[in-house]
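User: I have a model open and would like to learn how to read it. Could you take me through it step by step?

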Amino acid sequence: MKLLAFVAGYSRRILVLAILAGALCGACNTALLVLINEALQRKRGAVMWSFAAVCLLLPFARYHSEILLTRLSQGALFDLRVKICRKILGAPLRQIEEIGPSRALTALTDDVPVITTALMQIPIVCINLVIVVGGLLYMGWMSPVMLASVLALIVLGIVGYQLPMSRATRHFRRAREATEELMKTFRALTRGVKELKLHARRREAFLATSLEGEAGVVQASNLRGMVALTAANGWGQGMVFTIIGVTLFVVPLFQEASAEASIGYALVLLYLMTPMQVLIGALPALSRAGIAVQKVEDLGASLKVEASGAEAGAALPERWKRLELAGVTHAYRSEGKDDTFTLGPIHLSVRRGELIFLVGGNGSGKTTLAKLIAGLYAPESGQIRLDGEAITDRNRQAYRELFSVVFFDFHLFESLIGLDSPELTQRARGYLSRLQLDHKVSVEGGVLSTTSLSQGQRKRLALLTAYLEDRPVYLFDEWAADQDPVFKDVFYRQILPELRASGKTILVISHDDRYFGLADRVLKMDFGQLVGDAQVTVRSDETYASA
Ligand SMILES: Nc1ncnc2c1ncn2[C@@H]1O[C@H](COP(=O)(O)OP(=O)(O)OP(=O)(O)O)[C@@H](O)[C@H]1O
């Protein structure tokens with residue numbers, strides 16, 4: 001039902017057309033059945049032309065019905081993929097971090113293929129369903145008693161089917177939950193491959209406990225589910241033969257039937273046998289898809305939607321003068337644990353064009369503060385203001401567009417995606433040379449020739465993207481940490497001063513204390529608090545004014 005509702009939700013127009021084409025197809029099948037029966041009753045001449053007409057109409061109706069159903073299911077699938085990705089991108093960053101990548105990845109890589117497989121079956125299921133319904137209607141027209149007996153047996157079949165089926169669903173649901181854990185293990189495997197290769201005992205323990213443990217749960221649950229499902233299928237197939245047996249041998253004991261009528265019943269039943277078996281055979285895929293649709297919907301429902309901030313009037317001035325944080329706070333809470341990290345309240349004022357270093361020990365809250373300043377986290381309390389204008393859901397996206405950020409765990413896109421100035425390639429080539437990467441990387445049509453580089457070189461490519469974005473505020477999170485001493489010096493002594501000279505405001509998270517003297521201000525964080533805000537008057541290596 002979940003799957004049907006999901007498909008129906010895609011396009012009512014196509015659904016109605018598919019139902020009409022399906023009904024025509026079903027009518028043709030029933031007509032064919034009637035005509036074959038008539039022909040067998042030796043009225044061949046009378047039905048020959050009708051039979052030929054139906055034979056022409058049937059493939060036409062079937063073709064259109066299948067095409068429409070395929071369009072409907074593939075359209076719904078496309079819609080689903082895009083919707084999940086949009087929902088993930090539209091959710092607050094903090095919520096995406098809390099949910100973790102495994103849940104979203106399982107939805108995209110596990111649920112979507114399961115739904116795809118089931119959706120492929122929908123045209124076949126619908127066509128066969130229509131054939132069965134048409135055949136039963138014909139049977140009812142021939143003998144209401146026969147139809148009543150068949151329907152009673154079908155109801156019995158469905159009731160008996162439910163028992164193993166609900167058991168199968170329970171196990172498939174468990175397997176699906178375990179798949180999320182398995183996905184985490186796969187991520188650990190791909191990210192930790194070097195560490196696992198170096199340490200045989202760790203590798204064996206990882207394989208034996210994490211991987212085999214999780215994979216074992218998935219395997220066992222799927223196996224139990226399949227056993228229950230096979231039992232349900234066996235019951236279903238058995239019921240098909242029971243229906244045939246009862247109509248052929250039992251019903252005639254209570255209802256006199258002519259030889260012609262008996263041939264008619266037998267013909268209908270033989271005609272319906274294959275479609276009924278096809279329907280039963282499709283149930284496993286449909287049942288698993290129901291669970292997958294539910295999981296995807298749960299994920300979608302659990303994700304909040306951030307205000308897009310695209311309304312008129314949300315734009316902010318590029319040539320702003322003052323950026324303020326007034327009592328801004330943020331907390332990371334872990335459910336059931338007592339280790340909440342709280343940042344703030346932070347009071348801070350930044351003038352346009354300042355070069356600020358944000359320093360402090362590991363875990364003191366620098367990156368968290370950077371995410372708040374860049375508008376990626378909305379403050380839990382307090383306010384961020386730009387020239388006195390509060391940053392709210394209404395203008396947060398416009399506010400984010402003021403920032404070019406290279407985070408410590410940055411991601412490098414293979415192309416200069418979303419950047420489309422006419423002289424983009426030319427500018428990119430210039431910056432590649434500036435970043436001493438022109439011998440390794442080239443740009444053609446906005447696509448980077450490679451991103452398979454050393455970590456320090458990849459960071460330079462991330463800086464290239466920030467250069468090309470050309471936004472008013474630059475934020476670098478330990479950018480220089482992976483650079484060689486020569487280029488580190490270039491970064492602090494040339495790149496940062498050049499950016500400041502071109503009017504950019506720059507916030508640099510750094511542990512490189514020998515360069516702190518180059519900043520206009522050094523902000524120091526400790527345990528989530530801003531404990532120092534030092535103005536640096538003379539710029540030299542020795543003049544870092546510690547708070
Ligand atoms: N995604 C997260 N979920 C939960 N807690 C987090 C998360 N990120 C950071 N924290 C907590 O917030 C604290 C501050 O982290 P943050 O990354 O802001 O520190 P930092 O000063 O940038 O550290 P470093 O110099 O090591 O990069 C950490 O001690 C950690 O406990």
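User: How many helices and strands are there in the protein?

Analyst: The protein has 14 helices and 12 strands. Both are DSSP runs numbered from the N terminus, helices being H or I with at least four residues and strands E with at least two. This is a predicted model, where local features need pLDDT of at least 70 and side-chain atom pairs count only at pLDDT 80 or more, while totals for chains, interfaces and linings use all residues. Residues are numbered from 1 along each chain as its sequence is written.

User: What radius of gyration does the protein have?

Analyst: The radius of gyration is taken over C-alpha atoms, and the globule rule is 2.2 Å times the number of residues to the power 0.38. For a compact globule of 547 residues, that would be near 24 Å, but the protein has 34 Å. Along the principal axes, the C-alpha atoms fill a box of roughly 110 × 55 × 45 Å.

User: Is strand 3 buried or exposed?

Analyst: Start with the rule: a residue is buried if 20 or more other C-beta atoms, placed from the backbone, lie within 10 Å of its own, exposed if 12 or fewer, and partly exposed in between. In strand 3 (residues 355-360), 6 of the 6 residues are buried, so the strand is largely enclosed by the rest of the structure. In a regular strand the side chains alternate between the two faces of the sheet. Here Leu355, Phe357 and Val359 are buried on one side, and Ile356, Leu358 and Gly360 are buried on the other.

User: Which strands are joined to strand 3 by bridges?

Analyst: Two strands pair if DSSP finds at least two bridges between them. Strand 3 runs parallel to strand 10 (residues 505-509), with 4 bridges, and parallel to strand 11 (residues 521-526), with 5 bridges. Phe357 stands opposite Val508 in strand 10, and Gly360 has Met525 in strand 11 as its bridge partner.

User: What pLDDT does the protein average?

Analyst: pLDDT is the predictor's confidence in each residue, from 0 to 100. The protein averages 85, and 95% of the residues score at least 70. Over residues 538-547, the pLDDT is below 50. Where pLDDT is low, the predicted coordinates should not be read in detail.

Technical notes
Contact = placed C-beta atoms within 7 Å.
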